[in-house]
Amino acid sequence: MGRWEPDARGRLAKAALELYGERGYEQTTVAEIAKRAGLTERTFFRHYADKREVLFAGAVELENLFVAAVADAPGPEAPLDVVARGLYAAAEMFTGRREFACRRQAVIMGNAELRERELIKLASLSAALADTLRRRGVAASTASLAAEAGVAVFKIAFERWIAAGEGRTLAELTRESLDELRAVTSGG
């Protein structure tokens with residue numbers, strides 16, 4: 001495959017995941033990723049700041065999508081209902097990406113530094129959601145609680161979605177997890 005082939009970013013991500021799976025995250029170098037993708041290290045660094053970012057490059061897009069759905073929710077709704085709109089928007093982003101998500105999560109779970117980074121990204125998402133809810137007029141503590149609950153629902157639904165043998169969509173599992181949260185909070 002020549003360097004002129006399209007989708008350099010996608011090729012780099014694919015090569016990185018393959019190598020992380022074969023050799024492990026720590027043992028894989030940027031040079032090896034670039035070579036596997038048929039590109040140069042310089043091209044790698046045009047697309048990613050470092051080899052971790054291959055795994056976390058979509059975090060900003062996810063946060064922006066989630067926050068926009070919450071910000072654009074119509075009229076006065078309960079904070080958790082507004083957060084649910086963000087959850088469903090996020091679930092749509094993952095349509096057709098289950099295999100990538102499974103492979104990505106396996107790499108992350110195998111490395112303490114990457115698990116920590118994942119938690120930082122989720123904390124950032126929660127903070128952005130809480131801020132957006134506050135701008136919608138939700139009290140600060142309620143906004144923080146709804147945002148944290150939303151992130152918890154996302155994590156649980158995502159873990160279920162990537163589990164071996166799971167055939168439901170992330171949106172279906174998100175709805176199920178939200179229903180379970182509502183049952184827990186209502187005493188049901």
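These questions and answers walk through a predicted model of one protein chain.

Student: How many helices and how many strands does the protein chain have?
Tutor: This is a predicted model. From the N terminus on, its elements run α-α-α-α-α-α-α-α-α-α. The secondary structure comes to zero strands and 10 helices.

Student: What share of the residues of the protein chain counts as buried?
Tutor: Buried means under 20% relative accessible area. The protein chain has 188 residues. The share that counts as buried is 43%.

Student: Which elements are included in what covers the buried residues of helix 9?
Tutor: The buried residues of helix 9 include A143, A147, G150, F154, F158 and W161. An α-helix has 3.6 residues a turn, so residues three or four places apart point the same way. The cover over the buried residues includes helix 5, helix 6, helix 7, helix 8 and helix 10.

Student: How far apart are the end C-alpha atoms of helix 9?
Tutor: Helix 9 has 22 residues. At 1.5 Å a residue, they should span 32 Å. The distance in the model agrees with that, at 31 Å.

Student: Are the rings of F94 and F158 stacked, tilted or edge-to-face?
Tutor: A pair of aromatic rings is described by the distance of the centres and the angle of the planes. Here the centres are 5.6 Å apart and the planes stand at 65°. Planes over 60 degrees apart count as edge-to-face. So the pair of F94 and F158 is edge-to-face.

Student: How many residues apart in sequence are the parts that this pair of F94 and F158 ties together?
Tutor: F94 lies in the loop between helix 6 and helix 7 (98-109). F158 lies in helix 9. So the pair ties together parts whose separation in sequence is 64 residues.

Student: Which residues do ring pairs link into a cluster with F94?
Tutor: The whole structure holds eight aromatic pairs. One of them joins F94 and F158. The cluster links F94 with F154, F158 and W161.

Student: Which residue has its charged end over the ring of Y25?
Tutor: A charge over a ring must lie within 6 Å of the ring centre. Here the charged end is 4.4 Å from the centre of the Y25 ring. The residue is K51.

Student: Does T29 count as buried, partly exposed or exposed?
Tutor: T29 is found in the loop between helix 1 (8-23) and helix 2 (30-37). Its relative accessibility is 36%. Buried means under 20% and exposed over 50%. So T29 counts as partly exposed.

Student: Where is P6 found, and is P6 buried or exposed?
Tutor: P6 is found in the segment before helix 1. Its relative accessibility is 59%. The cut-off for exposed is over 50%. So P6 counts as exposed.

Conventions. Residues numbered from 1 in each chain as written. Predicted model: local features only at pLDDT ≥ 70, side-chain atom pairs only at ≥ 80, totals over all residues. Heavy atoms only, no water. Phe/Tyr/Trp six-rings, centres within 6.5 Å; stacked < 30°, edge-to-face > 60°. Helix = DSSP H or I, 4+ residues; strand = E, 2+ residues; numbered from the N terminus. Lys NZ or Arg CZ within 6 Å of the ring centre and 35° of its normal. Buried < 20%, exposed > 50% of the residue type's maximum accessible area, 1.4 Å probe, protein only. Expected span 1.5 Å × (residues − 1). Contact = heavy atoms within 4.5 Å.
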